[in-house]
Amino acid sequence: MEQPDTADIILVYGRPTCPSVPPVLRLLDEAGAVYEYVNVRQDFEAAARLRQITGGYESVPTLVFPDGRTLVEPGTAADPAAYRPGPLPAPVDDPEGRLDE
């Protein structure tokens, strides 16, 4: 089986006791996203990186995309396209994608 390029992997910071993490992981699976789950209760360096990303909090789940974009506590209401590589979909109030110009 071919290994994914590490440049294409989404980092998912989480902890086992957070009820919001499993639904987000299922959504990532459904979107076909390649991700690495990082348990911040076991990886203290990752917990420190998470606090840097979130302004001092351990907000989970937090996703870090290969291009540097982050989603903090995204929930499952996010557009599944947001979990795929590439540009973000146009916002609902910008269906023409004019904000990207």
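Begin by selecting strand β1 (residues 10–14), helix α1 (residues 21–31) and strand β2 (residues 35–39), which together form a right-handed β-α-β unit. Right-handed here means that, with the strands pointing away from the viewer, the path from the first strand over the helix to the second runs clockwise. Helices (H or I, at least four residues) and strands (E, at least two) are DSSP runs, numbered from the N terminus.

The model is predicted: local features need pLDDT of at least 70 and side-chain atom pairs count only at pLDDT 80 or more, while totals for chains, interfaces and linings use all residues. Residues are numbered from 1 along each chain as its sequence is written, and side-chain values use heavy atoms, with hydrogens and water left out.

**The whole chain**

Colour the chain by secondary structure to display 2 helices and 4 strands. Along the sequence they follow the pattern β-α-β-α-β-β. Among the 101 residues of the chain, 33% count as buried; buried means under 20% relative accessible area, exposed over 50%, and partly exposed in between (1.4 Å probe, protein chains only).

**Strand β1 and its two partners**

Return to β1, where 4 of the 5 residues are buried. Two strands pair if DSSP finds at least two bridges between them. With β2, β1 pairs in the parallel sense over 5 bridges. With strand β3 (residues 62–64), β1 runs antiparallel, joined by 3 bridges.

Select V12 next. Then select Y13, which stands opposite V38 in β2.

**The nonpolar core**

Display side chains for I10, V12, Y13, L28 and L63, the residues that touch the most other members of the largest nonpolar core, a set of 18 residues. Such a core is a set of buried Ala, Val, Leu, Ile, Met, Phe, Trp, Tyr and Cys residues joined through side-chain atoms within 4.5 Å. Two or more residues each come from β1, α1, α2 (44–53) and β3. Helix α1 gives the largest share, 4 residues. In soluble globular proteins, nonpolar side chains tend to be buried together.

Move to T62, in strand β3. T62 counts as buried because its relative accessible area is 0%. The side chain of T62 reaches the backbone oxygen of S59 at 2.5 Å. This is a polar contact, a pair of N or O atoms within 3.5 Å; within protein, one must be able to donate a hydrogen and the other to accept it, and residues adjacent in sequence count only if both atoms are side-chain atoms.

P61 is located in the loop between α2 and β3. Is P61 buried or exposed? P61 counts as buried, because its relative accessibility is 1%. Inspect the peptide bond that joins V60 and P61: it is cis, with omega about -5°.

**The segment after β4**

P74 lies in the segment after β4 and is buried, with a relative accessible area of 18%.

The phi of E73 is near 45°, a positive value in a residue other than glycine. Most residues other than glycine have a negative phi, and most peptide bonds are trans. E73 counts as partly exposed because its relative accessibility is 49%.

Select F65 and R69 together. R69 lies over the face of F65, at 4.5 Å from the ring centre. The criterion is that NZ of Lys or CZ of Arg is within 6 Å of the ring centre and within 35 degrees of the ring normal.

Finish at D8, in the segment before β1. D8 counts as partly exposed, with 44% relative accessibility. D8 and F65 are 57 residues apart in sequence, and their C-alpha atoms are 7.9 Å apart in space.
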